[in-house]
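Here are some notes to read alongside the model. Each numbered point takes up one part of the structure.

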Amino acid sequence: MVRFPAGMRRAAVAAVAALTLTSLAACGDSSDPAVPGAGGGKTDDLLAAAPVAAAADIPAGSTMAKIKERGELLVGGSLDAPLLSQENPVSGEIEGLDADFGRLLAKYIIGEPKVKIVNAASETREALISNGTVDVVLQTYSITPERAEKVAFAGPYYSSGLVVATKADETGIKTPADLNGKTVIAGANTPAIPAIEKAAPDAKIVTFGSDPECVQALKQGRGVAYVQDQAVLLATAKQDTSIKIQGEPFTSDPYGIGLKHDDEQFKKFVNDWLRKIQESGLWAKVWKNSIGTVVEGEAPEPPAIGSVPGS
């Protein structure tokens, strides 16, 4: 994930609480209404269509067999990441792209979408995987060579990156190139600045110190567009319907499913499951059920499995 000043990310994305064994004990279980799979609507339709692995694909002694015997999938994730993995304060359900993928993977292994979300922090994810506290991490987990030395990555399952946001009634900006000749807002000292300069060399860039300041500047008309990481802007667009995200990311930040290092059998199993849900169209339906509620257009093509160094 693209890095921004800590305050910006904390304000909009899922920032995550430090995990301890105490917090693990506080997490909901599969019988709790806050656990994924307990809700209704479109998610239930997705789960009804989700595949279940054949018995031959879960050999005795494998990680998959241990998860199936336990009866729930332990997922390192978030409870406060809008459209990705966020607890609905009314229904208690965990909603979003990562949450739905966790449910689908649990059903593939266990036959039922039984998941326990272990609230994870970016600083603790590798440890949680290595010491077996979680089976997988599904948490906007960017695949990098440095992380791949500590954990394995299935996927990538999604590609985020920088996107363009405008006022909701804007119709003349659909791609980054449309920013040429226009005033564009960016966070000071963020990767958005060189990305705008590359994609739209004739744009005039104005910067502000925080994400809320940038959003306010956009709403005041001090620029026609605001370029920021998709994960940050998803939260903004979800909470403020006067802001609209124009299209998919124009830079690449591939997300992987974190797994224990050197468990090639489990990695292949998860990658095979990803291919199945991509080919069946379930992947696109999960996107439409989450990110697609604030991003216009059809679901993007999912990234190719194994296409990123470290995956």
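This is a predicted model: local features need pLDDT of at least 70, side-chain atom pairs count only at pLDDT 80 or more; totals for chains, interfaces and linings use all residues.

**Notes on the sheet, the helices and the cores**

1. Next, the parallel pair. Strand β9 (residues 183–187) runs parallel to strand β11 (residues 225–229), and three bridges join them. Look for I185: Y226 in β11 stands opposite.

2. Five of its six residues are buried, so β8 is mostly covered. Four bridges link β8 to β11, and these two strands run antiparallel. Within that pairing, L162 has D229 of β11 as its bridge partner. β8 also pairs with β12, again over four bridges and in the antiparallel sense. There, T166 is the bridge partner of K244 in β12.

3. Which residues of helix α9 are buried? In α9 (residues 211–219), they are D211, C214, V215, A217 and L218. They cover an arc of only 160° around the axis, which puts them on the same side of α9. After α9 comes G221, with a positive phi near 80°.

4. Turn to the cores. The largest nonpolar core has 61 residues. F101, I257 and W273 have the most contacts inside it. Helix α5 (residues 97–110) gives the largest share of this core, eight residues. A second, separate core has 14 residues, including L179, A192, A200 and V227.

5. Leaving aside neighbours within four places in sequence, W273 is in contact with F101, L104, L105, Y108 and I257.

6. Is Y158 buried or exposed? Y158 lies in strand β7 (residues 152–160). Its relative accessibility is 2%, and buried means under 20%, so Y158 counts as buried. Not counting residues up to four places away in sequence, Y158 touches L97, Q230, E248, D253, P254, Y255, W283, W287, I291 and P303. With Q230 there is also a polar contact, side chain to side chain, at 3.0 Å. Y158 and D98 are 60 residues apart along the chain, yet their C-alpha atoms are separated by 9.6 Å.

7. Last, N289. N289 sits in the segment after α12 (282–288). Which residues does N289 touch, not counting residues up to four places away in sequence? They are K42, T43, L46 and D100. The side chains of N289 and D100 make a polar contact at 3.2 Å.

Note on methods. Residues are numbered from 1 along each chain as its sequence is written. Side-chain values use heavy atoms; hydrogens and water are left out. Buried means under 20% relative accessible area, exposed over 50%, partly exposed in between (1.4 Å probe, protein chains only). The arc is that of the directions from the helix axis to the C-beta atoms. A polar contact is a pair of N or O atoms within 3.5 Å; within protein, one must be able to donate a hydrogen and the other to accept it, and residues adjacent in sequence count only if both atoms are side-chain atoms. Contact means heavy atoms within 4.5 Å. Two strands pair if DSSP finds at least two bridges between them. A nonpolar core is a set of buried Ala, Val, Leu, Ile, Met, Phe, Trp, Tyr and Cys residues joined through side-chain atoms within 4.5 Å.
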